[in-house]
Amino acid sequence: IFDMDGTLINSDALVEKIYRELVFKYPPMVSFDSLDLNQVMALSYVEVIKILYGDVKQEFLDYIMHVHAKEKKGKLSLFPDIKIMLESLKKQGYYLAVVTSELREIAIDEMKILDIIDFFDEVVAFDDVTHPKPHPEGILRILANSQAKPYEAIMVGDQLSDAFAATKANVMSIFMGWDENKLKTMAIHYDEVAIDTEELINIIQTRQRLNLRFDKNHEFTICQITDLHLMNDENDLRAKTLIDHMVHQIKPDFIALTGDQSMGKDGMINYHRLGEWMDEQKIPYGLVFGNHDIEGGTYESLIEAIHTSSHLLFSSGPKHLGYSNYFIEVYDQNDIKALLIMMDSHIDDIYDIDGKKVWGYGTIHQAQIDWYERLISRYPHIPSILFMHIPPYEVRSVKKEDVDGFYEELPSTPPIDTGFVSLVKKHQHTQWIIYGHDHYNDFTYQDQGLVLAYGRVSGYYVYGREGFTPGVRWIKLDANGQFTSEIITMDDSL
């Protein structure tokens, strides 16, 4: 579902020209120059006329049509490669639609002039709805006509009204970032960001790939591998042996790597080699980044080093959220029965605590919390598991006598509570939050139906006590949403 002006069609110059001629001929009560031009471009002519004049007269609309007819051919153009993108999506079988704040007569006219009208199955304009964007009416009409579920749709836009309409309709949103100034202020309200049509198609195709299936027994098994700390040395082969043994024993449907896959200067080498090892397993896997990973390269370079891996399910997500924020749908036959949510807990930060600047480990930021809320709203009544690297703030207050498993070191959490775990408990969507980071903890703790769980350190780089045998956590989910989990060490598997 596309917005039109500012997303597909570069019409700002034409729209501004129309308004300036209108206010010159019919002086308004409110100065046009006093309005925010971005807001003007997001509204319909009817809405702007009400702001300028307090009332909508037919002569104003007639004059807008007159100026549009006179100026349209010289001041209308498609953004780069729009037609190529639409051709590609149409060939792939997508139902394509437009929801625009433009008047229908003008919208259809412009789409005909620019030769894109035939790509679209449906166009919903301002005068087709009772409630225009940011109300979701237009999107909901398209969902009904296309018989699509909200999670099967994507809204592509360039204004806050597009993002808010998508959120209210429980539809994924992508910001089309032609304008860098808008990108800085508006992208945070969207689920993804594309800076050109190639990136937009990549996001859509990646979204199509990120799905898995329950097995024939209607079960889904996950192997969590955490803190491998590959350093391009002799211990790396021991880590590979662990992966081989654990995968052979557990036979998972998915492997979750929960951070610190690498440590030290050889990050790109380690990530490339890790991709090769994981492909040998012939099992889909995903990853989040930890606090040590980029010691040996940038996030982009590590992604480049592993991206050729044929079994990797990964999306970096929008850059303002970090570098590993995405989700995977898990199907049982034709129905989604679970979500796997991957979130970037970052590296570290300087926090303001009681007026003092305090260093601490990374945390889930507010923008990520908003992203999480939008995500789970699209999948009501579907259980989810969330993977991250650094344990959340709440883990620091857990008492040893209340846990199941090993509690051998104080949890290294962020120093502040962003409210993320409280929100997760409130929504009752995510059943487990699973993480790594602390090498000598593998305990689980249950609080109001939410399980907070460490993995088992899987690498052979050790600090502290010798003899803490590496291993993994496995998690089994059935189609009724029930979870079971255990820790397996290398001692157990041999």
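**Terms and the values behind them**

Tutor: The model is a predicted one. A search of the whole structure finds 23 aromatic pairs. One of them joins Tyr372 and Phe420, in an edge-to-face arrangement.

Student: What makes the pair of Tyr372 and Phe420 edge-to-face?

Tutor: The ring centres are 5.4 Å apart and the planes stand at 80 degrees. Centres within 6.5 Å make a pair, and planes over 60 degrees apart count as edge-to-face.

Student: How do you know whether Tyr372 is buried or exposed?

Tutor: Its relative accessible area is 0%. Buried means under 20%, so Tyr372 is buried. Phe420, at 4%, is buried because that value also falls under 20%.

Student: Which other residues of H15 are buried?

Tutor: Besides Phe420, they are Val421, Leu423, Val424 and Lys425. The buried residues of H15 pack against H14, S16, S17, S18 and strand S19 (450–454). After H15 comes Gln428, with a positive phi near 55 degrees.

Student: Turning to the sheets, in what order do the strands of the 5-stranded one come?

Tutor: The order is S11-S10-S9-S20-S21, an open sheet with mixed pairing.

Student: What makes S11 and S21 edge strands?

Tutor: Strand S11 (285–288) and strand S21 (483–489) each have a single partner strand, so one side of each has no neighbour in the sheet. From one strand to the next, the twist averages 20 degrees.

Student: How do you know that S9 and S10 are paired?

Tutor: Strand S9 (residues 219–225) and strand S10 (residues 254–258) share 4 bridges in the parallel sense. At least two bridges are needed for pairing, so these strands qualify. Gln224 stands opposite Ala256 in S10. S10 and S11 also pair in the parallel sense, over 4 bridges, and Ala256 has Gly286 in S11 as its bridge partner.

Student: Which residues of S11 point which way?

Tutor: Tyr285 and Leu287 point one way, Gly286 and Val288 the other, and all are buried. In a regular strand the side chains alternate between the two faces of the sheet. Helix H12 (residues 267–281) lies across S10 and S11, at about 150 degrees to S11.

Student: What is the order in the sheet of 7 strands?

Tutor: That open sheet runs S8-S12-S13-S16-S17-S19-S18, again with mixed pairing. Its edge strands are strand S8 (211–213) and strand S18 (444–447), each of which pairs on one side only.

Student: What makes S16 and S17 a pair?

Tutor: Strand S16 (residues 384–387) and strand S17 (residues 430–435) run parallel and are joined by 4 bridges. The requirement is at least two, so they pair. Ile385 has Trp432 in S17 as its bridge partner. Helix H14 (residues 366–377) lies across strand S12 (326–332), strand S13 (335–342), S16 and S17, at about 170 degrees to S13.

Student: Why are H4 and H6 called roughly parallel?

Tutor: The axes of helix H4 (residues 58–71) and helix H6 (residues 104–113) cross at roughly 10 degrees and come within 11 Å. Angles under 35 degrees count as roughly parallel, so the term applies to H4 and H6. The contact is made by Ile64, Met65 and His68 of H4 with Glu105, Ile106, Asp109 and Glu110 of H6.

Student: How do you know that Arg207 has its charged end over the ring of Phe327?

Tutor: The charged end is 3.7 Å from the ring centre. The distance limit is within 6 Å, and the charge must also lie within 35 degrees of the ring normal. Arg456 lies over the face of Phe468, at 3.9 Å from the ring centre.

Notes: Residues are numbered from 1 along each chain as its sequence is written. This is a predicted model: local features need pLDDT of at least 70, side-chain atom pairs count only at pLDDT 80 or more; totals for chains, interfaces and linings use all residues. Side-chain values use heavy atoms; hydrogens and water are left out. Helices (H or I, at least four residues) and strands (E, at least two) are DSSP runs, numbered from the N terminus. Axes are lines fitted to C-alpha atoms, for helices over the stretch in contact, and angles run from 0 to 180 degrees between N-to-C directions. Contact means heavy atoms within 4.5 Å. Rings of Phe, Tyr and Trp (its six-membered ring) pair if their centres lie within 6.5 Å; planes under 30 degrees apart count as stacked, over 60 as edge-to-face and the rest as tilted. Buried means under 20% relative accessible area, exposed over 50%, partly exposed in between (1.4 Å probe, protein chains only). Angles under 35 degrees count as roughly parallel, over 145 as roughly antiparallel, 65 to 115 as roughly perpendicular and the rest as oblique.
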